[in-house]
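The following note sets out points on the geometry of the structure shown below. Please read each point alongside the coordinates.

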Amino acid sequence: MLIQSDFRTPHLTTKLPDVGTTIFTVMSMLAAEHGAINLGQGFPDFDCDPRLIEGVTKAMTQGLNQYPPMPGIAVLREAIAAKIAALYQHTYDPATEITVTAGATQAILTAMLAVVHPGDEVIVLDPCYDSYVPNIQLAGGIPVRVPLTPGSFRPDFDLIATAINSKTRAIVINSPHNPSGTVWTRDEMRKLEEIVSNTDILIISDEVYEHTVFDGAPHLSVASFPNLAARSFVISSFGKTYHVTGWKTGYVAAPADLMAEFRKVHQFNVFTVNTPAQHGIAAYMADPAPYLDLPGFYQKKRDLFRQGLAKTKLKLLPCEGTYFQCVDFSEVSDLSEQDFCRWLTTELGVAAIPLSAFYGSGFDQKVIRFCFAKKDATLLAALERLTSL
């Protein structure tokens, strides 16, 4: 007869031995515990446009609540294709080259699972968004970390070229870049184009902040460069663009052959995406103003936040895009980045994220990241607490 003590969980070898609770969760929990203003995790504290809510509500009340087509409803895919064509002068077939995804993170994982085979190498540029490397590992690939230039966070193409070999399957790029706010230039896109020409290397281009580029500069999508578009998955996020990060809705655009492989995986790890949200977003996209006006909207917040930070001993790093501001705190403290963020949260009541969390090596430069996708009142309250620095 079996008794309770005979039961045990079978031994399990983890697929992600280096993954624990993310720093975003840790800092958000610490902020909540101490009543701190959370400028760590990257999400707005303000509401989206009521018209967007109305569109989703209308879809639900009209009975649009069952499974949509696997790649997404046709009207939304058509709207996405039209937007890309208008902004980046590249035509994608909405029937075969656009897929709606459960956020950009799912799109990135699905692309990895679709094209990366065990033993393939995938280049990521450090510091990088924390899902990239686990995604590569889950696909059986080998992440190859190539550092961006410290301080400027610009790509070093000599280092990238050195990292390429016969096993290189893909390169992940991210512009505008999280966490640094760096935006790639046309010359840098051309250099990437040159490096991968005459190879079978694919590009996974994380462009979730495509509509958050400042000072009149354009966002240069890989879709704008035919030789890159032909080998790229282009990924974006309605959550970031329309202030609805909790909806977890995004999309990927890619040539038909790549998209066919993408959809093979998509249909089994998600199958499809929230129906009312798709209809609401499709209706909302009929007006391009919300995303065309987004650079100006966030630039005002960036400038307000930077003006306040300039009154402290924190050294401002450039912020060309995204809604993140990095600062060097070396004149304020000798603590490590992680310890300084904990001190900032518990003692001053403002939460930030250590940049070392975005590096595989935990590289500590005395740099932290703030999120300014917040109400002006939130930013001003945080700045008041930071004035003692």
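1. Cys-371 is buried, its relative accessible area being 0%; buried means under 20% relative accessible area, exposed over 50%, and partly exposed in between (1.4 Å probe, protein chains only). The structure is a predicted model, in which local features need pLDDT of at least 70 and side-chain atom pairs count only at pLDDT 80 or more, whereas totals for chains, interfaces and linings use all residues. Residues are numbered from 1 along each chain as its sequence is written, and side-chain values use heavy atoms, with hydrogens and water left out.

2. A search of the whole structure returns zero disulfides, a disulfide being a pair of cysteine sulfur atoms within 2.5 Å. For Cys-48, which is in no disulfide, the nearest cysteine sulfur belongs to Cys-371 and is 17 Å away. Cys-371 is likewise in no disulfide; the nearest cysteine sulfur to Cys-371 is that of Cys-319, 10 Å away. Cys-48 counts as buried, at 14% relative accessibility.

3. Helix H2 (residues 50-61) packs against helix H11 (residues 275-284) at about 130 degrees, with the axes 8 Å apart. Helices (H or I, at least four residues) and strands (E, at least two) are DSSP runs numbered from the N terminus. Axes are lines fitted to C-alpha atoms, for helices over the stretch in contact, and angles run from 0 to 180 degrees between N-to-C directions. H2 is therefore oblique to H11, given that angles under 35 degrees count as roughly parallel, over 145 as roughly antiparallel, 65 to 115 as roughly perpendicular and the rest as oblique. The crossing of H2 and H11 is right-handed; a crossing is right-handed if the near helix is turned clockwise from the far one by less than a right angle, and left-handed if anticlockwise.

4. The contact (heavy atoms within 4.5 Å) involves Arg-51, Leu-52, Gly-55, Val-56, Ala-59 and Met-60 from H2, and Pro-276, Ala-277, His-279, Gly-280, Ile-281 and Tyr-284 from H11. By class, the contact of H2 with H11 comprises eight nonpolar, three polar and one charged residues. Here Ala, Val, Leu, Ile, Met, Phe, Trp, Tyr, Cys and Pro count as nonpolar, Asp, Glu, Lys and Arg as charged, and the others, Gly among them, as polar. Glu-54 also lies in H2 and is exposed, with a relative accessible area of 51%.

5. Helix H4 (residues 103-115) and helix H10 (residues 256-269) pack at about 120 degrees, with their axes 8 Å apart. H4 and H10 are therefore oblique to each other, and their crossing is right-handed. Residues making this contact include Gln-106 and Thr-110 of H4 and Glu-261 and Phe-262 of H10. The contact of H4 with H10 divides into six nonpolar, four polar and one charged residues.

6. One joins Asp-126 and Pro-127, with omega about 5 degrees; Pro-127 lies in the loop between strand E3 (121-126) and helix H5 (132-138). Another runs from Ser-175 to Pro-176, with omega near -10 degrees, and Pro-176 lies in the loop between strand E5 (168-174) and H7.

7. Which residues other than glycine have a positive phi? Asp-215 has phi near 60 degrees and is exposed, with a relative accessible area of 55%. Phe-271 has phi of about 75 degrees, lies in the loop between H10 and H11 and is partly exposed at 33% relative accessible area.
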